[in-house]
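Subject: Structure handover

Hello,

Here is the structure I promised to pass on. Please load it first, then read the notes below.

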Amino acid sequence: GNKEENDESQIRELQEKFPVWMSDIHNLDEAVEMISAIGELVDRKENAQRIINTIQVGFQQMRSKVKDRKISTAAYLIWKNPYMLSGRNTFIDSMMKELRLENVAPASRYPEIVLDDLRKLNPEVVFLSSEPYPFSEKHRDEIQRILPDANVLIVDGEMFSWYGSRLQVAPEYFSGLLTQLL
């Protein structure tokens with residue numbers, strides 16, 4: 001199970017019949033630890049280590065490309081009606097930091113925000129996630145109107161928030177995204 005994705009009552013119900021392992025992931029190091037732990041749990045340590053190696057090499061290469069990049073301010077919208085941001089101390093926030101983006105979210109977790117308050121935060125970059133809410137071009141245009149100087153992009157939410165084996169391809173995706181930002 002995962003602390004963020006599963007309700008405590010669901011986990012307690014499962015624990016009545018099955019052994020349950022829980023994760024609580026906030027950053028890349030914790031994601032790597034999770035992959036290693038699951039590899040051990042399912043007797044696939046070598047497979048897990050190959051995945052970890054690919055992730056670590058990919059992120060090291062990406063970090064070397066961005067190390068001199070100026071830090072920009074950014075907002076990451078995950079939901080509409082109400083609008084919600086990915087806040088501080090989330091896995092998405094840690095991926096933003098990897099890209100040298102400072103999250104403008106005023107709180108942790110997933111705070112609600114009205115567009116006027118987003119305008120006041122004045123992020124240089126606004127990411128509209130493809131999931132869990134499927135933002136589209138009409139949403140991008142709406143945000144661009146209220147933040148005409150911001151770089152507003154629809155991004156692949158899986159790359160920012162899925163912290164398993166998907167991380168093997170995230171650095172390449174992020175490198176392409178950085179090219180769009182420059």
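A residue counts as buried when its relative accessible area is under 20%, and as exposed when that value is over 50%. By that rule, His139, Ile143, Gln144 and Ile146 of helix α6 are buried. These residues cover an arc of only 165° around the axis, which puts them on the same side of α6. The opposite face, turned away from the buried side, carries the exposed residues Lys138 and Arg145. What covers the buried residues of α6 includes β1, β4, β5 and α5 (115-121).

Before the rest, a word on confidence. This is a predicted model. The chain has a mean pLDDT of 95, and 100% of its residues reach 70 or more. Confidence is highest in strand β4 (residues 125-129), at a mean of 98. It is lowest in helix α8 (residues 170-181), where the mean is 91.

Now the strands.

Start with β4. Five of its five residues are buried. Both faces are covered. Val125, Phe127 and Ser129 lie on one side, with Val126 and Leu128 on the other. β4 pairs with strand β5 (residues 151-155) in the parallel sense, over five bridges. In that pairing, Ser129 stands opposite Val155 of β5. Between the two strands the chain passes through helix α6 (residues 137-146), and this β-α-β crossover is right-handed.

Next, β1 (residues 72-79). Six of its eight residues are buried, so the strand is largely enclosed by the rest of the structure. Which strands does β1 pair with in the parallel sense? One is β4, over four bridges. Here Leu77 stands opposite Leu128 in β4. Another is strand β3 (residues 101-103), over three bridges. There the bridge partner of Ala74 is Asn103.

β1 also has an antiparallel partner. Two bridges join it to strand β2 (residues 84-85). Trp79 has Met84 of β2 as its bridge partner. β1 and β2 form a hairpin, with four residues between them. One to check in that turn is Asn81, which has a positive phi of about 65°.

Last, helix α3 (residues 45-66). It has 22 residues. From its first C-alpha to its last it reaches 31 Å, close to the 32 Å expected at 1.5 Å a residue. Which residues of α3 are buried? They are Ala48, Ile52, Ile55, Gly58, Phe59, Met62 and Val66. Seen down the axis of α3, these fall within an arc of 135°, so they line one face of the helix. Against what do they pack? The partners are α2 (28-41), α4 (91-98) and α8. The face of α3 turned away from the buried side carries the exposed residues Glu46, Gln60 and Lys65.

α6 sits on the path from β4 to β5, and its buried residues are covered by elements including β1, β4 and β5. The buried residues of α3 pack against helices α2, α4 and α8.

Best regards

Methods: Residues are numbered from 1 along each chain as its sequence is written. This is a predicted model: local features need pLDDT of at least 70, side-chain atom pairs count only at pLDDT 80 or more; totals for chains, interfaces and linings use all residues. Side-chain values use heavy atoms; hydrogens and water are left out. pLDDT is the predictor's confidence in each residue, from 0 to 100. The expected span of a helix is 1.5 Å times one less than its number of residues. Buried means under 20% relative accessible area, exposed over 50%, partly exposed in between (1.4 Å probe, protein chains only). The arc is that of the directions from the helix axis to the C-beta atoms. Contact means heavy atoms within 4.5 Å. Two strands pair if DSSP finds at least two bridges between them. A crossover is right-handed if, with the strands pointing away from the viewer, the path from the first strand over the helix to the second runs clockwise.
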